[in-house]
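Dear colleague,

Please find below the structure that I am handing over to you. My notes on it follow.

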Amino acid sequence: MRKYAIVGAMAGKKFQDAERKQLSMLAALEKRTLIWLAHRLPPWVNSDHLTLLGFVAMIGAGVGYWAASWDKRALLAVIGALAVNWFGDSLDGTLARVRNRLRPRYGFYVDHITDAIGAASLMGGLAFSGYMHPYIGLTLLIAYLLLSIEVYLTTYTIGSFHLSFWSFGPTELRLLLCIGNIAVYLHVPMGNLLGREYRIFDIGGAIGIVGMSAMLIWSALRHTWQLYDAERLP
């Protein structure tokens, strides 16, 4: 009975979909590509299939990084997994919109809970790969999850869903990971920062931590003020 009560309450409550904001460098090209692909997928492929494909691929990318600790060729497999993840994770929503098969609450929840689990797998794999210090991998995951929480709170309280920050989104981050994988595979595991040598993924991870922390602080302050201004007490 409780199940039907919950379903009934949800059905009777009007859901306001959030405004999507995608301002990354590759957003325009990516949107055209995804729409082109969506129109050419066979009818039996649906958004759930693509979400599951993207999720499994991200788990596979994490496993690939872990496997790279004893076989560097696994880094190339990670590139393939990230490409498959892009295909599934980016195309599921586009396919639903193209076919007018929208389920905004279900889609939002499933998409982002799988993203969170996938990110934990990816960062965990990197932390155990030997190419990134475990503390950097853990801190990077924490920064990502905190920024994700800020995005979800903004979606609920303001009705604006940000898919990118400062011209960077998930697609750009996947490309940076692929470039790093190729560099490490080609025997360029170290990079120079402030006159000292560090592992490439440590440098990238540190930059990611600083960048996401700055995004989090800026967004939290801006949205706190926006909400305070909208709900001033007399």
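Y131 is placed in the loop between α5 and α6; helices (H or I, at least four residues) and strands (E, at least two) are DSSP runs, numbered from the N terminus. The model is a predicted one: local features need pLDDT of at least 70, side-chain atom pairs count only at pLDDT 80 or more, and totals for chains, interfaces and linings use all residues. Residues are numbered from 1 along each chain as its sequence is written, and side-chain values use heavy atoms, with hydrogens and water left out.

Y131 counts as buried because its relative accessibility is 17%; buried means under 20% relative accessible area, exposed over 50%, and partly exposed in between (1.4 Å probe, protein chains only). Not counting residues up to four places away in sequence, Y131 touches A68, K72, L75, V184, R199, F201 and D202, where contact means heavy atoms within 4.5 Å. One of these, D202, is 71 residues from Y131 in sequence, yet their C-alpha atoms are 7.5 Å apart in space. K72, another residue touched by Y131, places its charged end over the ring of Y185, 5.9 Å from the ring centre. A charge sits over a ring if NZ of Lys or CZ of Arg is within 6 Å of the ring centre and within 35 degrees of the ring normal.

**Overall architecture and confidence**

The chain has eight helices and four strands, and along the sequence they follow the pattern α-β-α-α-α-α-α-β-α-β-β-α. Of its 234 residues, 36% count as buried. Among contacts between residues at least 6 apart in sequence, 78% join residues at least 24 apart.

The mean pLDDT of the chain is 84, and 82% of its residues reach 70 or more; pLDDT is the predictor's confidence in each residue, from 0 to 100. Among the elements of the chain, α3 has the highest mean pLDDT (96) and helix α1 (residues 2–12) the lowest (45). Over residues 1–12 the pLDDT is below 50, and this stretch has one contact in the model beyond near neighbours in sequence. Where pLDDT is low, the predicted coordinates should not be read in detail.

**Helix α3**

Helix α3 covers residues 47–67, 21 residues in total, and reaches 30 Å from its first C-alpha to its last, close to the 30 Å expected at 1.5 Å a residue. The expected span is 1.5 Å times one less than the number of residues in the helix. At the start of α3, a side-chain oxygen of N46 comes to within 3.0 Å of the backbone nitrogen of D48.

The buried residues of α3 include L50, G54, A57, M58, A61 and Y65. Against which helices do the buried residues of α3 pack? Their partners are α4 (74–98), α5 (104–127), α7 (170–185) and α8 (200–230).

**Aromatic pairs**

Rings of Phe, Tyr and Trp (its six-membered ring) pair if their centres lie within 6.5 Å; planes under 30 degrees apart count as stacked, over 60 as edge-to-face and the rest as tilted. By this rule there are four aromatic pairs. Among them is the edge-to-face pair of W66 and W70, with 4.9 Å centre to centre and 90 degrees between the planes. W66 counts as partly exposed because its relative accessibility is 44%, whereas W70, with a relative accessible area of 58%, is exposed.

Helix α6 has 24 residues and reaches 35 Å from its first C-alpha to its last, close to the 34 Å expected at 1.5 Å a residue. Its buried residues include L140, L147, V151, T154 and T155.

T154 has a relative accessible area of 2% and is therefore buried. Its side chain is joined to that of H223 by a polar contact of 3.1 Å. A polar contact is a pair of N or O atoms within 3.5 Å; within protein, one must be able to donate a hydrogen and the other to accept it, and residues adjacent in sequence count only if both atoms are side-chain atoms. T155 counts as buried at 13% relative accessibility, and a polar atom of its side chain lies 2.8 Å from the backbone oxygen of V151.

After α6 comes G159, whose phi is positive, near 80 degrees. N100 also has a positive phi, of about 55 degrees, although it is not a glycine. N100 is found in the loop between α4 and α5 and counts as exposed because its relative accessibility is 61%.

With kind regards
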